[in-house]
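The entries follow the order in which I made the searches.

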Amino acid sequence: MTNSYKSLFRTPEFTPLFLTSAANAGARTVGGLALGTLVYRATESPLLSAVSMFGPSLAQVLGATLLLSGADRLPPRATLAGISVAFAVGTAVPAVPGLPIWAVFVVVLVQGLIASLGGGVRWGLLNEILAKDGYLLGRSVFNMMNGLMQITGYAAGGVLLTVLSPRSALLLSAALYALAAVGVRLGLTARPPRSSGRPSVTATWRTNALLWSSRPRRYVFLALWIPNGLVVGCESLFVSYEPADAGTLFACAALGMFVGDVTVGRLLPRRVRGRLGVPLLVLLALPYAFFALRPAVPLAAVAVAVASVGFGASLVQQERLMSLTPDELAGHALGLHSAGMLTMQGVGAALAGSVAQLTSPATAMTVMALASLGVTAALAPGLRERRERYDLRPTPQ
């Protein structure tokens, strides 16, 4: 039984996977803030700034349709190390002086394609390392780590950007990615792929269709993707909403997410948290409607922190997803969740940036929050349905 934080860190390979993931998360936050600031200073465009920070997520949809079969068919250690190396290179490239903005976005696109494979490999490996009943607690620890690294990363990134240029901050982020690659290579053992066969576009499409064929899983995937993505669209406007205090708002969002993950992953019994999926999605969006009043930074920070507690909904939905998915497809299912979620975050950032370009960041946040609430209301009936475990049979469309 893996039912305590102490037992998690005594599990072989959990700690190195945790630490290397933390290095990746730190690199991502510092690099994302630096890149968003670099683009905003060059263009003064809320849209381009938002897409530069969250644009890699947009490319995840291509990876989910082309590359995702590799999540269970590639050796995890080599794949995770290779992804970190690729991100180290891709983060350093925008630091080249004189690089045109279009080239920055080409790099962003390539990073998104590579990242689409990472979620499935990482979470599939976590599911393999831990006992079946330990996945939710383990994933909650990773989410808490991600929240803490965002708090630290955005705070540190804000400080770095006051004393260094965005390009220097990007190089520091690239160094963190390289450190993560070394940690993966030295800390994890070489495991064989979870499934046989070669990764291919055909295998990706076939497994995607199989996972999507079940009505309960469809509702879970949509709940993991869309409300979350629309609210991240709100977050993507922090730089244009308050350029000098964006790091504070990001850090408060990460703090709220940390609280939500601790509460859902550790404090609530399963029978209680299973009923909180929809209420948490409502909490995730509702405080952003307050931005219609264009609150000052202290009030905005409180609203952001409260809203981000609602990100705990993803743990509830992931637990349900795993109960509906056989072990041999766990990596692919978790990769599809991760790629779809990040894709919708990129879509949300693009939509929010477009609305902000035509109106204002505060108005765009309000619009995105109301859209998220509408989607949650539409999905709520399907999320209350009960179906048997591992339902893989197609259902009528």
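The entries below concern a predicted model.

**Cysteines.** I searched the whole structure for disulfides and found zero.

**Aromatic pairs.** My search of the whole structure returned 13 aromatic pairs. One of them joins Phe14 and Phe142 edge-to-face, with 5.5 Å centre to centre and 90 degrees between the planes. This pair links distant parts of the chain, as Phe14 is in helix α2 (residues 14-43) and Phe142 in helix α8 (residues 135-163), 128 residues apart. I noted that both Phe14 and Phe142 are buried.

I next examined Trp212 and Trp225, which form a stacked pair at 5.8 Å centre to centre, with 5 degrees between the planes. Trp212 lies in helix α10 (residues 201-212) and Trp225 in helix α11 (residues 215-235), so the pair ties together parts 13 residues apart in sequence. Trp212 is partly exposed, with a relative accessible area of 30%, whereas Trp225 is buried at 14%.

**Cluster and charges.** I recorded one aromatic cluster formed by Phe9, Phe14, Phe18, Trp123 and Phe142. Over the face of Trp123 lies Arg139, 3.7 Å from the ring centre. I also found the charged end of Arg294 over the ring of Tyr241, at 4.5 Å from its centre.

Technical notes
Residues numbered from 1 in each chain as written. Predicted model: local features only at pLDDT ≥ 70, side-chain atom pairs only at ≥ 80, totals over all residues. Heavy atoms only, no water. Disulfide = S-S within 2.5 Å. Phe/Tyr/Trp six-rings, centres within 6.5 Å; stacked < 30°, edge-to-face > 60°. Helix = DSSP H or I, 4+ residues; strand = E, 2+ residues; numbered from the N terminus. Buried < 20%, exposed > 50% of the residue type's maximum accessible area, 1.4 Å probe, protein only. Lys NZ or Arg CZ within 6 Å of the ring centre and 35° of its normal.
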